[in-house]
Amino acid sequence: YGQRHVRELAAAQAVATALGATAHRVVRFDLRAFGGSALTDDIAVPHSRSLAEMGHDIPVTYVPGRNLIFLSFATAYAEVVGADNIFLGINQQDYSVGGQTQVWVKSPQWTKLMTIEDFCALPDDDYQTMAVDPKTLAIGWHVVQRRFRHAVSGKKCYRVQLEQGFTIDITEDHSLFTIDPVTANIRPVKGSDLREGTPVVVPFDLSAASDAWAEDLASIDLRNLVLREDRTSQSSVVIADDYLTNGLHRCRVPVDFPVTDDFLYIVGLWLAEGGKDPRTENDTLQFSIGGTLEAVETLQRYFGRYNVAVKKSSPDNDFDYGAASSVFAAIFQYLGLYGMSRSGEKQFPPFFWELSQRQRRVVVAGFWDGDGAQVHNGECEIHQKSHQIIDELAYCFTLDGILPFLGEGPRGQKFLGISRTQDMQRVLDLYPLRHPLRRAALEVALNHSGNDKVTGLWKCEGIWNAVSQAQLPPGRKTYIYNAGGKYDESVRSQRSAFLEVPALHTLVQSRLAFLQVKAIEEIAEEYMYDLSVEGAENFIANGILAHNSGYPDCREEFLDAFVQTANLATKAGTQDGRELRIQAPLIQMTKAQIIERGLALGVPYDLTWSCYEGGERACGTCDSCLLRLKGFAEAGATDPIPYEETTA
């Protein structure tokens, strides 16, 4: 195809002969007519690059359309000789995140937050996930093209912890995103190249995508509730005339259970300071609400509609109230609300992510009021032994542009905090807190100077170069340098300092924060997971921007699309009823795994060639040589071809 050298053609002939191929055909065409690649144009081949540099973008050694053209020729030849299978030796590096990583998923029927492991197990459908447009840096929904599960027992895996308590599990070759210090552009950084202090991109405001939860959930179907007879005292709960009731028939609840704001607020109170041991036979729902008058009024108003009395646990106790009802005890159990706060068993119920964002705010408001969120020195914190509640509360907040911080508290607790003043204002504006003291505490906190700089821009040479090169009135550059903190030792600066710099508009207007790596721990995993996302090559995982990349024509979605086209474009596929198949058995294998398999099969590696240069000996420093040498080293084998230089 007009590549830099013919050495690989000679190697292909030697390998074909050694393996006893029936025929070896060489068809010449000249992609130098178009150029656009270091292999077909006067563009220098990169040398001595780190793995991180190789993973930044599609490399200059990518040849536009090469595999597309190769497969077109192979399809024509297959049709002539009557072959049904084309084998292709491409592979894509397997970028992976841990199975419990939370991702946003939207189908035509629903939108949820779920683990990537669960997502990969779902049946085929039209799914989307939240990702960042690489050109505009806008956050939105993008089509998920493929879902992957990779075996990673032979890889190094890491648990990466960032500021604000964000955590993600990744393989050594999975990339997150950072800021390029020279260009101030967003670029990937591999797990193996992360260090403490590395700034990592974290989307902090997902509100642009929250319209997916615009419609309120009107009701929940309880018709299957009576099938759950885990507790004998609830076995008397029956359906009569489309109502749930019991032997006394005083409490009657529609089986199309209405999801009212009072009910959602009570769910929040329950999650904060209510509880029921799943093993108990008692039918009373106990709420510990600290004498909060608004909470008592809500409980009495709501349960009173269904003829259920709300009473103090004892006459002298202004903190604990109970609602005795076998019907509501059965409903709470069916909805997944049982569990004890002191045991850390609580979690938001499954229907939480079926609610609209407005309805979720009502649940959170009840939780906030019931938990007794503490506000101190301009920060507010919620502590819980039920860690999953804290994690999901954080995800809920990011849909409203609120960036919380997470941490481990005493006695096995996990806490969520808010320190930015604009975030506290958003809580006041959006979340219908009913406790006046809770609202007052937040209003007082607004008078403190919060940690607003946590979502500022990361200071680097590229930022200051953009300021230096901007066409601005006299004195404005000096103002921006000072406002941006060029001469202080902090790592972040307020975004507003750079509003006048045109080259920084996209970055300033983005909803992306740069949080430092605080700790990296090596872990062991058997499987990890990945997504291929259309038009993004990234997705939001555990609140962090995760990357997947590589040559675009070395991906399974490309092969799937091509084989469909080939079967539509050939006589064999349309008239003869033959189905062409493309086999790519190496596509999800690492270089080391390919080498190990080849050694077991007796592949003549001494006849093969990988180097981008065409000398008598491989250079040892181009990307292809470095990846080949790394693969042999990880396979515990010696590469049999000679090199000019080896650094891997």
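Reader: Which residue in β13 stands opposite I239?
Author: In this predicted model, L244 of β13 faces I239. Strands in a sheet pair through backbone hydrogen bonds, in either a parallel or an antiparallel sense. Here β12 and β13 (residues 243–245) are antiparallel, with three bridges between them. Pairing needs at least two bridges found by DSSP; strands (E, at least two residues) and helices (H or I, at least four) are DSSP runs, numbered from the N terminus.

Reader: What is the order of the three strands in that open sheet?
Author: The order is β12-β13-β14, with antiparallel pairing. At its edges are β12 (238–240) and β14 (253–254), each of which pairs on one side only.

Reader: Which strands stand at the edges of the open sheet of four strands, and why is one side of each left without a neighbour?
Author: That antiparallel sheet runs β7-β6-β26-β10. The edge strands are β7 (167–171) and β10 (199–203); each has a single partner strand, so one side of each lacks a neighbour in the sheet. From one strand to the next, the twist averages 45°.

Reader: How many bridges link β10 and β26?
Author: Five bridges join β10 to β26 (residues 512–523), in the antiparallel sense. Within this pair of strands, V201 has F514 of β26 as its bridge partner.

Reader: At what angle do the axes of α8 and α9 cross?
Author: Two packed helices are described by the angle between their axes and the distance between the axes. For α8 (residues 357–371) and α9 (residues 387–398), the crossing is at roughly 135° and the axes come within 11 Å. Axes are lines fitted to C-alpha atoms, for helices over the stretch in contact, and angles run from 0 to 180 degrees between N-to-C directions.

Reader: Which residues in α8 meet α9?
Author: Q357, R360, V364, F367 and W368 of α8 meet I389, L393, C396 and F397 of α9. Contact means heavy atoms within 4.5 Å.

Reader: How do α17 and α18 cross?
Author: The axes of α17 (residues 591–601) and α18 (residues 623–634) cross at roughly 65° and come within 8 Å. On the α17 side, the contact is made by K591, A592, I595 and E596. The α18 side contributes L627, R628, G631, F632 and E634.

Reader: Where is V375 placed?
Author: V375 is in strand β20 (residues 374–376). Its relative accessible area is 27%, so V375 is partly exposed (buried is under 20%, exposed over 50%, partly exposed in between; 1.4 Å probe, protein chains only).

Reader: Which residues is V375 in contact with, leaving aside neighbours within four places in sequence?
Author: V375 is in contact with C380, A441, L442 and A445. G417 lies 42 residues from V375 in sequence, and their C-alpha atoms are 9.3 Å apart.

Reader: How many helices and strands does the chain have?
Author: The chain has 18 helices and 30 strands, and its C-alpha trace spans about 95 × 70 × 45 Å along the principal axes. Of its 648 residues, 51% are buried. Among contacts between residues at least 6 apart in sequence, 68% join residues at least 24 apart.

Reader: What conventions apply to the numbering and the predicted model?
Author: Residues are numbered from 1 along each chain as its sequence is written, and side-chain values use heavy atoms, leaving out hydrogens and water. In this predicted model, local features need pLDDT of at least 70 and side-chain atom pairs count only at pLDDT 80 or more, while totals for chains, interfaces and linings use all residues.
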